[in-house]
Amino acid sequence: MTKRLTCDVVVVGAGMVGAACALYAARAGLSVVLVDRGPVAGGTTGSGEGNLLVSDKEPGPELELALLSGRLWTELAAEPGLGEAIEFEAKGGVVVASSSEGLAALGEFAAGQRAAGVDARAVAADELRALEPHLAPDAVGGVHYPQDSQVMPSLAAAQLVRIARSLGTELLTGWTVTAVLRTADGAVRGVRTDQGEIHAPAVVNAAGTWGGDLAALAGVRLPVLPRRGFVLVTEPLPRMVRHKVYAADYVADVASGSAALQTSPVVEGTAAGPVLIGASRERVGFDRSFSLPVMRALAAGASRLFPFLENVRAMRAYVGFRPYLPDHLPAIGPDARVPGLLHACGHEGAGIGLATGTGYLIAQVLGGASPDLRLDPFRPDRFAAEVS
């Protein structure tokens, strides 16, 4: 061993969720070590679009978490200089229906959201043009969600880590956790890494898609699986897509548990100029292979929404792995099977948006406070029994 550290809490994973856990724990006065085998935002976060969404969530615990997270993101963006540094855009979202049946279903979905506290505004076909002048003319209506926002994920994670470090958090990148250390009675006492031991009475599993592997090091099962997704990036353009715009069937794809390939058009502009085009979902393990059929499906779907994109060049594509749990809810909070082990992973494609609420709730638990949201739906031990 080359080094031994002691702190109040070890956060494993320096993606957006881990960065938020470190930030809010540090702001709660705890000493924190943030450890990752790679760089900050080197995993799923660096492959994300930066969506902070309520529009795609049905009433229930995930929507409650999204509303809390949205308020916290807005508060962070209001801190001096931080909004610009993370490229925060409160641009809103527009969900588009192409048939009367689809519009009726979307209207029913939005009504439930409104009852749960979401600002969801029905938009007629002619009003859509005012929101998005370049939208395809066959859209029959939609819903406008002013609360949807966006950040640049790698920048945002780096800025949250920067603030946490200013409060005393120690960042250790290039350190691989090889074991979760436990006392004779089974409680957490830290982690072992390839660089040394870090001793702490609490360990937060913010390892994202690899959260199941970290849980296994502590002797428990958390069935996190990778769900692959591609994003196309166009050449820089004037702002021709003003909101995050997607077809109504995107919501069904998010909620689906199918392992098969699913694509639904999602299009949004960025502060830097390129348009981001998604979304695809498939469970193929950690296969990073380029898929031309997926690229074609994404391009075709985006062009149906915005015909001008047919003449725009795609400059690159990137792939990431959403941390998928079978019931589509993340694991957040203490693990009853291992005292001192907390989980903050399994957010699937919503980790950027839900990170602030997750980190805030984890910090409340670590500080002995009653969390602002009920954590029962996110219980890490809600799945099958422990591994041997």
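Select helix α9 (292-305). Its buried residues (under 20% relative accessible area, 1.4 Å probe, protein chains only) are V294, M295, L298, G301, A302, S303 and L305. Helices here are DSSP runs of H or I with at least four residues, strands are E runs of at least two, and both are numbered from the N terminus. This is a predicted model, in which local features need pLDDT of at least 70, side-chain atom pairs count only at pLDDT 80 or more, and totals for chains, interfaces and linings use all residues. Residues are numbered from 1 along each chain as its sequence is written, and side-chain values use heavy atoms, without hydrogens or water.

Show what covers α9. The cover of its buried residues includes β5, β14 (225-234), β15 (244-247), β16 (262-269), β17 (275-281) and β18 (314-324), with contact meaning heavy atoms within 4.5 Å. Now check the helix length. The expected span is 1.5 Å times one less than the number of residues. For the 14 residues of α9 that gives 20 Å, and the end C-alpha atoms are 20 Å apart, so the two agree.

Pick A299, which lies in α9.

A pocket is found on a 1 Å grid over the protein atoms alone: an open set of points with protein on both sides within 12 Å along at least five of seven lines, and lining residues have an atom within 4 Å of a point. Centre the view on V96, S98, A247, A248 and D249, the nearest to the pocket centre among 20 lining residues. Which helix gives the most to the lining? It is α4, with four residues. Colour by class: 14 nonpolar, three polar and three charged. The volume is about 420 Å³, taken as the space filled by probe spheres set on the points.

Go to α1, residues 16-27. Eleven of its twelve residues are buried. Just after α1, G29 has a positive phi of about 90°.

Next, show the largest nonpolar core, with 65 residues. Such a core joins buried Ala, Val, Leu, Ile, Met, Phe, Trp, Tyr and Cys residues through side-chain atoms within 4.5 Å. The residues with the most contacts inside this core are V11, M16, V32, W73, V151, L160 and V204. α1 gives the most to this core, with ten residues. Select W73: beyond four places in sequence, its contacts include M16, L52, I86, F88, V151 and L160. A second, separate core has 28 residues, including L5, C7, V35 and V220.

**Loop stops**

Most residues other than glycine have a negative phi. Two exceptions follow.

- A41 has phi near 60°. Find A41 in the loop between β3 (32-36) and β4 (51-52). A41 counts as buried because its relative accessibility is 7%.
- E87 has phi near 55°. Find E87 between α3 (82-85) and β5. E87 counts as partly exposed, at 29%.

Last, select A187, in the loop between β10 (177-182) and β11 (188-193). At 18% relative accessibility, A187 counts as buried. Beyond its neighbours within four places, A187 is in contact with L181, R182 and P339.

Methods
Buried < 20%, exposed > 50% of the residue type's maximum accessible area, 1.4 Å probe, protein only. 1 Å grid on protein atoms, 1.4 Å probe; cavity = no way out; pocket = protein on both sides within 12 Å on 5 of 7 lines; lining within 4 Å. Nonpolar A, V, L, I, M, F, W, Y, C, P; charged D, E, K, R; others polar.
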